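Keep the viewer open as you read.

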Amino acid sequence: MRIDAITIFPDYFAPMQLSLLGKAQGQGILEINIHDLRSFTTDNHHTVDDTPYGGGAGMVMLPEVWGLAIDSVIADEATLIVLTPAGTRFTQEMAYELTNAKQLIFACGRYEGIDDRVRQHYSADQYSARGIKVLEVSIGDYVLGGGEVASMVMIEAITRLLPGVLGNPESLVEESHMSEGYLEYPNFTKPQSWRDLSVPEILLSGNHAQIAKWRATQAELRAKKNL
Ligand code: ADE
């Protein structure tokens with residue numbers, strides 16, 4: 001999978017070189033390219049925003065600089081993801097769907113967002129004929145300073161589902177068997193007693209059927225509590 005993120009703060013994406021993501025890039029499973037939006041400006045001040053038509057607080061990001069940046073990376077069959085608190089809520093289901101994309105482009109807006117004509121332009125027939133899709137996505141019901149952290153959340157959730165990225169793919173199988181939010185049961189490791197707290201007896205029993213039953217009940221209780 002190829003991932004392109006466009007941002008005015010490329011340094012935000014340093015963690016993408018760490019851990020499993022860094023390794024997957026080394027193995028050629030994944031290619032992550034970070035692009036500095038400002039390098040696509042054409043004026044001396046490297047302007048990326050201006051005041052909103054119609055008035056109001058804040059600044060809106062200029063369509064042309066975004067158009068130039070996106071044009072420089074977009075390929076057939078790409079999915080362009082515009083991060084905004086007003087978008088469709090990102091879910092595990094969406095993460096699974098997006099693993100099928102050949103290229104994901106993350107447009108990380110700042111300020112009051114990106115001129116809406118960018119979304120309109122790349123949603124037009126000339127792009128859908130090339131298999132290009134545009135999604136406006138929110139990672140949750142809160143407002144971040146920009147789309148950078150939101151796109152890293154999405155990148156981590158999506159790429160760990162790609163074959164070869166996770167150290168232990170068994171954990172994916174277990175996750176996908178748990179319905180509705182795949183909330184897990186509580187886990188324990190050594191020692192058996194820690195600060196007066198003991199590991200539940202059933203987990204020491206060796207009775208795998210009983211253990212599975214106990215875990216299912218615990219996962220359900222957790223799910224209910226978190227509603
Ligand atoms: N940009 C600002 N807030 C956001 C959110 N909650 N999700 C995605 N992008 C955002």
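This is a predicted model: local features need pLDDT of at least 70, side-chain atom pairs count only at pLDDT 80 or more; totals for chains, interfaces and linings use all residues.

The structure holds 2 aromatic pairs.

Q: Are the ring planes of Phe 9 and Tyr 12 stacked, edge-to-face or tilted?
A: The ring centres of Phe 9 and Tyr 12 lie 5.9 Å apart. Stacked needs planes under 30 degrees apart, and edge-to-face needs over 60. The planes here stand at 45°, so the pair is tilted.

Q: Is Phe 9 buried, partly exposed or exposed?
A: Buried means under 20% relative accessible area, and exposed means over 50%. Phe 9 has a relative accessible area of 36%, so Phe 9 is partly exposed.

Q: What is the angle between the planes of Tyr 122 and Tyr 127?
A: Tyr 122 and Tyr 127 form an aromatic pair, 4.8 Å centre to centre. The pair is tilted, and the angle between its planes is 55°.

Q: Are Tyr 122 and Tyr 127 buried or exposed?
A: The cut-off for buried is under 20% relative accessible area. Tyr 122 has 2%, so Tyr 122 is buried. Tyr 127 has 7%, so Tyr 127 is buried.

Q: Which residue has a backbone nitrogen 3.0 Å from a polar atom of the Gln 103 side chain?
A: Gln 103 sits in strand 6, residues 103-107. Gln 103 is buried because its relative accessible area is 3%. Beyond its neighbours within four places in sequence, its contacts include Arg 2, Asp 4, Val 73 and Thr 79. The backbone nitrogen at 3.0 Å belongs to Ala 75.

Q: Where is Pro 191 found, and is the peptide bond from Lys 190 to Pro 191 cis or trans?
A: Pro 191 is in the loop between helix 7 (170-177) and strand 8 (193-194). Most peptide bonds are trans. The bond from Lys 190 to Pro 191 has omega near 0°, and it is cis.

Q: What is the phi of Arg 195?
A: Arg 195 lies in the loop between strand 8 and strand 9 (197-198). Arg 195 is exposed, since its relative accessible area is 67%. Most residues other than glycine have a negative phi. Arg 195 is not a glycine, yet its phi is positive, at about 45°.

Q: What is the phi of Asp 196?
A: Asp 196 is also placed in the loop between strand 8 and strand 9. With a relative accessible area of 77%, Asp 196 is exposed. Asp 196 is not a glycine, but its phi is positive, at about 70°.

Conventions
Residues are numbered from 1 along each chain as its sequence is written. Side-chain values use heavy atoms; hydrogens and water are left out. Helices (H or I, at least four residues) and strands (E, at least two) are DSSP runs, numbered from the N terminus. Buried means under 20% relative accessible area, exposed over 50%, partly exposed in between (1.4 Å probe, protein chains only). A polar contact is a pair of N or O atoms within 3.5 Å; within protein, one must be able to donate a hydrogen and the other to accept it, and residues adjacent in sequence count only if both atoms are side-chain atoms. Contact means heavy atoms within 4.5 Å. Rings of Phe, Tyr and Trp (its six-membered ring) pair if their centres lie within 6.5 Å; planes under 30 degrees apart count as stacked, over 60 as edge-to-face and the rest as tilted.
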